[in-house]
Amino acid sequence: MPLNVSLKVESLSNPPSIRSLIPEVKPLAAPAIVASAEPDELLLEKLNFDTDYSDRQGYDENFLGRDRIAEFPTIESEDPKLIAPLRGRAGKVLHYHHYSCMMHAQRRMPVLSACNTDYSKGQRKIKGRETFGKDEWITDSRMDEKYQLPKGFYDRWKRLDFGHLVRRDDNCWGASKTEIEYANSDTFHLTNCTPQHEAFNRDKFGFHGLWGRLENHISRQASSDRTLARLSIFAGPIFTMRDLKLEDEEAGNVYVPLSYWKVVVAPTRSGSIRAFGFVTSQKQELADDSPFEEFSPEGFEDEQATLAEIERRTVVRFSATLKAAGVMNDRFVQEEELMPLSSFEDVWMGKK
């Protein structure tokens with residue numbers, strides 16, 4: 001059951017199709033790649049960024065198949081300035097290799113990301129995180145820096161990680177070594193970053209976290225069938241008035257989100273799609289004067305959710321097709337649209 005994600009929100013009131021936003025593809029500069037002992041394995045000595053953004057096609061709604069369209073969500077807000085604009089051009093969606101995102105203008109973090117991932121054996125030439133290359137985060141020149149949290153903020157708050165919203169594990173794939181390298185590097189833009197406590201980032205968002213384990217489980221199931229080896233993934237923070245306020249000397253007041261949502265869209269053998277929605281949150285209080293000294297991962301709570309419940313908590317709106325494909329639709333009773341999860345085995349996969 002693979003998942004894909006497509007973005008199609010350039011104008012909040014009248015979004016154009018993704019295809020109309022795709023620029024003419026230009027050849028990429030040759031990256032520096034280190035040869036591996038195994039011919040199919042790619043080792044990245046360092047991150048190499050393709051700063052000519054004209055070839056970025058972003059999220060593809062048809063990635064799972066023309067009969068399995070996973071539409072990019074829309075944004076519903078009374079504030080027309082909620083989403084940060086691009087610099088010197090129309091539109092509010094940033095396109096990268098395999099994913100797209102939209103930035104919250106005040107929070108300076110992505111409000112929504114949409115990613116296509118392919119678990120086909122031929123598309124994966126990275127073995128282990130140690131082969132990804134050393135982390136390096138950069139701003140995106142297509143958007144004013146005032147809409148991006150500065151790198152120094154993360155450097156000063158030592159217990160906060162540069163938290164990927166689109167996981168590099170999900171995005172690091174492609175038909176060529178050049179595509180794989182630049183797709184990996186694209187996830188290291190500050191527009192794909194949210195401040196996450198180190199335990200949260202490495203446990204919940206990481207390869208071994210609940211969400212990562214779901215995607216890994218799906219990839220193993222799909223390894224023998226390329227039709228099912230693709231996924232579309234939507235994700236974002238849940239912004240509330242109770243988010244942790246940090247006063248930073250450079251960035252000013254920064255509100256760290258305590259909750260996140262994620263939707264994984266997977267194809268089925270019958271030609272349809274299934275959508276898995278999740279919410280993960282931290283309920284424990286963190287003292288303002290030393291906010292991270294007593295942090296414990298036990299403060300996190302994982303829940304499986306309907307897409308309608310995610311909509312109620314955010315400004316993100318899913319298509320009727322995606323909501324109808326939600327696996328929780330046949331699960332919730334008496335309007336209980338959240339189901340606590342204590343382990344990966346608790347994930348509701350839908351009626352068989």
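Helices (H or I, at least four residues) and strands (E, at least two) are DSSP runs, numbered from the N terminus. The structure shown is a predicted model, in which local features need pLDDT of at least 70 and side-chain atom pairs count only at pLDDT 80 or more, while totals for chains, interfaces and linings use all residues. Residues are numbered from 1 along each chain as its sequence is written, and side-chain values use heavy atoms, with hydrogens and water left out.

**View 1. Lining of the second largest cavity, to which E7 gives the most, with three residues.** A cavity here is a set of points, on a 1 Å grid over the protein atoms alone, where a 1.4 Å probe fits but cannot get out, and lining residues have an atom within 4 Å of a point. Strand E4 (109-118) and strand E7 (230-238) each supply at least two lining residues, and the lining includes Ser-113, Cys-115, Phe-234 and Lys-262.

**View 2. Cysteines Cys-172 and Cys-193.** Zero disulfides are found in a search of the whole structure, a disulfide being a pair of cysteine sulfur atoms within 2.5 Å.

**View 3. Residues 204-208, where pLDDT stays under 50.** For this stretch the model has 25 contacts (heavy atoms within 4.5 Å) beyond four places in sequence. By comparison with the whole protein, pLDDT (the predictor's confidence in each residue, from 0 to 100) averages 76.

Methods: Buried < 20%, exposed > 50% of the residue type's maximum accessible area, 1.4 Å probe, protein only. 1 Å grid on protein atoms, 1.4 Å probe; cavity = no way out; pocket = protein on both sides within 12 Å on 5 of 7 lines; lining within 4 Å.
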